[in-house]
Amino acid sequence: MEEARVSTSEDSDPPALADARALLRTDASPAALAAAQETVLEFLAVHPANASAHHLLACVLLRLNRYSEAEKHFLRTIELAPDHAKARWMLVRILVQRTEWEKALQQIEVLVRQYPDDPDYLNLKAHALLHSGEYEGAISCFEALVSDHSTAEHWMFYGFALATVGNYQEAIVSYCKAIALKPDLGEAYWSLSNLKTFRFDSSETGAMRKALDQPGLDARNRWLLHFALGKAFEDAGDYRNSFEQYKNGNTLFRRQLQHSADKFADFVQRSKALFTPEFFRERAGSGNSSADPIFIVGLPRSGSTLIEQILASHSMVEGTKELTVLNSIAMRGSGTRDGYPEILRHLKMEELRAAGDEYIARTRSYRKLQRPFFIDKAPANFHHLGLLHLILPNAKIIDARRHPLGCGFAVFRQYFPQAFSFAFDLAEIGRYYRDYVELMAHFDRVLPGRIHRLFYERMITDPEREIRSLLEYCELPFEESCLRFYDTKRAVLTPSAEQVRQPIFTDGLEQWRHYESWLAPLQSALGDVLTSYPDVPKFDRPSALYGTSWTVSVTPQAPWDTR
């Protein structure tokens, strides 16, 4: 195995690999990448145990967006050269992109052992532990980071980890230390504002305004400072200036996003055309039979975290987080000729079962308490209700719904680190809400009784009645602990973390009314969805908002490979 010990340094590349690497420029064309791939494959045919060649091929495949193949060659690289940190680092990137945090953590542990003094690897370990639900381990890593590598960013993320487990006072101290080290760190100010019970004083508000006046301030810190100032003015009752700051932050962030309201509206119409009663009857009995998952869907800021906290207070239910597993399974069909969701038309029963098996297997690592049921509260899973029903026909589905203006403005005033692309423009929020209601109304018709709808306002005003109804739908016995959900000790990752650790209060129900004068774009886009609430208008007729009826053309295509 002499070739396995070939140096991983690029300077020692054989001429053939050096030529291939030269083709791998940042601006390399598809033809150049194909040529580099061919060159490396020819070299590997003669030297199959050359670690540098496998690493180079993996990098080429990564540039070609062939992630699964790239992963195999990164794995082969570190098998041949265990000290090849670059290959292991790139492998971690692929695993993180797929949210396979458990696998990523295994590779990160090796990097930390190899380079114990490298703060980047320890920082990555802390984040991986955080995403894996290992919160105490994450906090320990951040404590080591701020002790030995005291940077503003490390203090900020340490504060986030502390807030996740409910240590708010320590989190505030940590965020303030981050600001002391970097006074224009918008994310630290925004993190403070995200602690709903924190209030900025006049000196902190002045410091944020001063930071915004700096001409060299980067865009990310600028828009985050606007969001934080919006909260500061809101707390002071200065709603005009508050709205102006929220609007500025949203406008800046929206510029770097790609979002098409028309595209999502088209997706809704195509979903309605595909998912008919006959479509589901033909596939009855498909999927994994597990009844373990409880999905909470809807729009963000609709009360989903409150519902999760209530259910997670039951002795038989475990809360996890907003999992991305269902979305990643769905998106494997988006690059096919038919696209998603039409590709589901061609899936065989065994493929649907395999997809359901995969979901159950990939979510197992998030179930730390091993309770019979667990919650997946990713709001946008409502996009995938057709797929969900096919692959997990016994899963529970809860639709968290809130008044369109209350929900819409709450979305507008909340910066989302993992951006919902629709969430930064009032008219786009309105259109998205409308399309969501239309899609849910369709599934109510074709799968009657399948989805339990819970209105936020009813939960706030009559919690016991709504909680008993919720538990009945989930086929769970009533437990008093669900009424005292605020006593349940668990990590909460969403902006509502503080609120769900307190008894239910009604203060936020009418909060949007302070801003009603500026919500005309949202109201207009909502149309009769707003005037009908909590009922829904009829969507069978062509919508005046889109001005046209919808037809869908489906071309047969090979089944979507779920392996």
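Analyst: Two residues are in contact when they have heavy atoms within 4.5 Å. Helices (H or I, at least four residues) and strands (E, at least two) are DSSP runs, numbered from the N terminus. The model is predicted, and local features need pLDDT of at least 70, side-chain atom pairs count only at pLDDT 80 or more, and totals for chains, interfaces and linings use all residues. Residues are numbered from 1 along each chain as its sequence is written, and side-chain values use heavy atoms, with hydrogens and water left out.

H3 has 13 residues and reaches 19 Å from its first C-alpha to its last, close to the 18 Å expected at 1.5 Å a residue; the expected span is 1.5 Å times one less than the number of residues. Twelve of those 13 residues are buried, so H3 is largely enclosed by the rest of the structure (buried means under 20% relative accessible area, exposed over 50%, and partly exposed in between, with a 1.4 Å probe and protein chains only). The buried residues run from Ala51, Ser52, Ala53, His54 and His55 through Leu56, Leu57, Ala58 and Cys59 to Val60, Leu61 and Leu62. Their cover includes helix H1 (15-23), helix H2 (30-46), H4 and helix H5 (85-97).

Among these covering elements, H4 can be followed residue by residue. Axes are lines fitted to C-alpha atoms, for helices over the stretch in contact, and angles run from 0 to 180 degrees between N-to-C directions. The crossing of H3 with H4 is left-handed, that is, the near helix is turned anticlockwise from the far one by less than a right angle, whereas clockwise would be right-handed. On the H3 side, the contact is made by Ala51, His54, His55, Leu57, Ala58, Cys59, Leu61 and Leu62. On the H4 side, it is made by Tyr67, Glu69, Ala70, His73, Phe74, Arg76, Thr77 and Leu80. By class, the residues of this contact are ten nonpolar, four polar and two charged (Ala, Val, Leu, Ile, Met, Phe, Trp, Tyr, Cys and Pro are nonpolar, Asp, Glu, Lys and Arg charged, and the others, Gly among them, polar).

H4 spans residues 67-80 and also holds glutamate 71. Glutamate 71 is buried, with a relative accessible area of 14%. Beyond its neighbours within four places in sequence, glutamate 71 touches Leu91, Ile94, Leu95 and Arg98.

H1 and H2, both part of the cover of H3, also pack against each other, at an angle of about 160° and with their axes 8 Å apart. That makes H1 roughly antiparallel to H2. Their crossing is left-handed. From H1, the contact involves Ala16, Leu17, Ala20 and Leu23, which meet Ala32, Ala35, Ala36, Thr39, Val40 and Phe43 of H2. This contact of H1 with H2 has nine nonpolar residues, one polar and no charged.

Helix H7 (residues 119-131) and helix H9 (residues 152-164) pack at an angle of about 20°, with their axes 11 Å apart. That makes H7 roughly parallel to H9. The crossing of H7 and H9 is left-handed. Pro119, Asn123, His127 and Leu130 of H7 meet His154, Phe157, Phe160 and Ala161 of H9, a contact with five nonpolar, three polar and no charged residues.

Ten of the 14 residues of H15 are buried, so H15 is largely enclosed by the rest of the structure. Helix H16 (277-282) and helix H22 (426-446) are included in what covers them.

As for the whole, the chain has 26 helices and five strands. Buried residues make up 55% of its 563 residues. Of the contacts between residues at least 6 apart in sequence, 72% join residues at least 24 apart.

Key
Angles under 35 degrees count as roughly parallel, over 145 as roughly antiparallel, 65 to 115 as roughly perpendicular and the rest as oblique.
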